[in-house]
Every structure is written in C-alpha cells, then in structure tokens.
Amino acid sequence: MWPTMVDEVSKAEHYGWTLERFLLERQRSFPGATGEFTQLFQQLALAGKIISSRVSQAGLAGLLGHTGATNVQGETVQKLDIFANNTLIRCLESGGQVCLMASEEVDDPIPIPTRYPRGRYVLMFDPLDGSTNIDVNISIGTIFSVHKRLSPGDDPGLRDCLQSGSRQVAAGYIIYGSSCMFVFTSGDGVHGFTLDPSVGEFFLSHPDIKMPERGKTYSVNEGNETVWDARVRDWVGWLKTPDKQHGRPYSGRYIGTLVADFHRTLLKGGIFAYPADAKNKNGKLRLLYEAAPMALLAAQAGGLASTGEQAVLDVVPTELHQRVPLYIGSKLDVQDAVERVRKS
Ligand code: FBP
C-alpha cells in the first residue's frame, strides 16, 4: 500500500503535494511500474487545466451556446462540449499510454492514429458533463474511466470498452466550479486536488475522502415525478416525510450536473438518483463514462451505487452509450432507496 492517509499526521504530511508528486510516490510503490499510468494522469490533468481556463472565459471567448449539431445521444452539442472533447483527444492520443478512447460526443470508439504508439489503457470520458448548465455559469465537469486493454495482440476495439465497472483501474472527474478540482481513485481511496491557477498546478487539498454513512439531502429531478414508477414516487415521498428520530425530512438539492451533485454527495453524504422512468426506460445517465466511474469513487469512499436492481459496478455493458438508472451516495441512504424501489 502506498502512502495511506490513515491518520491526521500522514494527511497533514501530504497536504500541498502536487498531483504529479502524489502519482510519482504511488508509482514508486509498484515494483516494475512503467510510468505509463502516471503519464496518462499527467495528460488528463493538462487537459483539465486547458478546459478549466476556457470554461472560466467562455463568455469572452465566444464559446457559449451550441454548435447546432446533435450527438449520438440526440442532445444539442454545445461549443464547449466540442472544445473539451478535442482537448482530451489531443492531450491523450500521442503519449503512448492509451490504445483506444471513447467519448460521449463520438458515436464509435476513437482509434489512436497509427503514427502514435498504443499503450495498455482504454480511456472513456464525458468531456463536459452538465451541458445544460454551461451557459448559466453553474458547475460542470469532465468524467473519466480507465481500463486495461483486453486485446494485447490485435487491434483494440469495442470489446476493450465493454468492461464492467468493477474492472476499472482508475476513475475520476474534474469539476469546473468555484474552484477547479481533480478528484480520482486508483483503488486506494479517493483523493481531491485543487488547481492553483497562479501556479498552474493541482495541489492535494482533500486526501482520502470518506463519504458519511448517512446524509441529510436527496438529489433527484422531481420534474420527472409524473413519469416515475409508483415505488420511486413513494421513496421520494418517504424522504420528505418528517421523522425526527431518523433525520427526515431530507433537504432537496439538485444542480442538474452529475459531477456537481455527486461532488456534494461525496463530501457531505446523502443520495443522488436518476431513476428509470416512462420516458427514459433505462434512466438518462450513461454507464461507461458517467455511472460506472462515479460508482467506483463512491465504493472507494465507503458509499454505494445501484441501478435499483444491482450494483452499478457489476453491470456488464453491451453498448458503448448504454444508459442505466442510478442511485448513488451514502451507504445507508442507497440501501434505503433500493429496499423501496427494487422490483425484483
Ligand atoms: P451531459 O450533460 O453530459 O449530457 O449529462 C447529463 C446530465 O446533464 C447530468 O450531468 C445531469 O445529472 C443530468 O443530465 C440532468 O438531467 P435532467 O436535466 O433531465 O435533470
């Protein structure tokens, strides 16, 4: 185990470490490490810094608004969606760490140009999550998921992307909010780094994040209530029913950006949900580059993530852009939710 933040002293010791130092310390504890993983993260961090600077000046740089195009999800593509998508591809395609990428904005897996070496990792991402909030200055983010390639010999392909969330070697997000933060896990806890734009570096600010076992807030788009299943309606009604002894009613908090709603839930506890409904039979959120990476972070922070029927990390994907219902957050809150919404 590399520098575990088991106590306040070791946490204090690591405060102020740059993301790069943190990754290098980690690399040293893996005999035989090639440095590929560290370099992949350095490129992800670079992409995050570039996107963060553009997001914070979007209104000045003519980057607000949409392109007029629609993506494979049938959503209107925002100019910043494309900027973020291209920035991630440019930063990750040439270094030799990844063999294949996939993006919410691109129909098919993204091959690495033959002029570049291919690496051992598959990177999938939602380049800019929370598109509906871009133009109204509300927190948005980039979500990423990292797997090991399955096909060492032959050409990487869809098969390398369709791996269950439990096989992720790392996952995380970059949130562009009041501050820009890089939050990730590589199987050793969840750690948050804050960008100091004056230095251009991410510094460790939230080591070893643990999600409270139970929270006080619920986060769901109640505008969908009429198309919800009766069990979902009953569950949300139950959360709002006064019961002092069990800390209810919970307060409603809904930003409408998964990264931001999850970030609050990770730090403060509670539950975020995007249930299936009569409109979205499988919910709205995408498994491979939204639900699964968040599920790994939740699990590593002591929380849970369920589809309502099974653990998100156990869902075996069959399509690149498939959607799943999502209930994610504090362990006890997700258990309460599943108990009430589960069909089977
Ligand atoms: P994209 O913006 O990446 O398409 O993500 C989907 C999303 O915006 C999530 O961030 C958010 O949780 C959800 O959709 C909000 O959906 P709705 O507007 O239906 O509540």
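Author: Keep in mind that this is a predicted model. Let's begin with asparagine 137, which lies in the loop between β5 and β6 (140–148).

Reader: Okay! Is asparagine 137 buried or exposed?
Author: Asparagine 137 is exposed: its relative accessible area is 74%, and the cut-off for exposed is over 50%.

Reader: And what is phi for asparagine 137?
Author: Its phi is near 55°, which is a positive value in a residue other than glycine. For context, most residues other than glycine have a negative phi.

Reader: Which loop holds aspartate 208?
Author: Aspartate 208 is in the loop between β10 (201–206) and β11 (217–219). Phi is positive there too, near 50°.

Reader: Is aspartate 208 buried or exposed?
Author: Buried. Aspartate 208 has a relative accessible area of 17%, and buried means under 20%.

Reader: New topic: where is the ligand?
Author: The ligand sits in the largest pocket. Two elements each give two or more residues to the shell around the ligand, β5 (121–129) and β13 (271–274). The largest share comes from β5, with 3 residues.

Reader: How many residues surround the ligand, and which are the closest?
Author: There are 18 of them, and the closest are Asp129, Asn221, Tyr254, Leu258 and Tyr274. Sorted by class, the shell has 6 nonpolar, 5 polar and 7 charged residues.

Reader: What does aspartate 129 do at the ligand, in terms of distance?
Author: One polar side-chain atom of aspartate 129 is 2.6 Å from an oxygen atom of the ligand. Aspartate 126 has a side-chain N or O atom 2.8 Å from a ligand oxygen. With leucine 258 the backbone is involved: a polar backbone atom there lies 2.8 Å from an oxygen atom of the ligand.

Reader: How much of the ligand's accessible area does the protein cover?
Author: The protein covers 90% of the 470 Å² that the ligand has on its own.

Reader: Last one: why does alanine 171 count as buried?
Author: Because its relative accessibility is 0%. Alanine 171 is part of strand β7 (residues 170–176). Alanine 171 and threonine 185 are 14 residues apart in sequence, while their C-alpha atoms are 5.7 Å apart in space.

Terms used. Residues are numbered from 1 along each chain as its sequence is written. This is a predicted model: local features need pLDDT of at least 70, side-chain atom pairs count only at pLDDT 80 or more; totals for chains, interfaces and linings use all residues. Side-chain values use heavy atoms; hydrogens and water are left out. A residue is near a molecule or strand if one of its heavy atoms lies within 4 Å of it. A polar contact is a pair of N or O atoms within 3.5 Å; within protein, one must be able to donate a hydrogen and the other to accept it, and residues adjacent in sequence count only if both atoms are side-chain atoms. Accessible areas come from the Shrake-Rupley method with a 1.4 Å probe; for residues, only the protein chains shown count as cover. On a 1 Å grid over the protein atoms alone, a cavity is a set of points where a 1.4 Å probe fits but cannot get out, and a pocket is an open set with protein on both sides within 12 Å along at least five of seven lines; lining residues have an atom within 4 Å of a point. A molecule sits in a cavity or pocket if more than half of its atoms lie within 2 Å of its grid points. Helices (H or I, at least four residues) and strands (E, at least two) are DSSP runs, numbered from the N terminus. Ala, Val, Leu, Ile, Met, Phe, Trp, Tyr, Cys and Pro count as nonpolar, Asp, Glu, Lys and Arg as charged, and the others, Gly among them, as polar. Buried means under 20% relative accessible area, exposed over 50%, partly exposed in between (1.4 Å probe, protein chains only).
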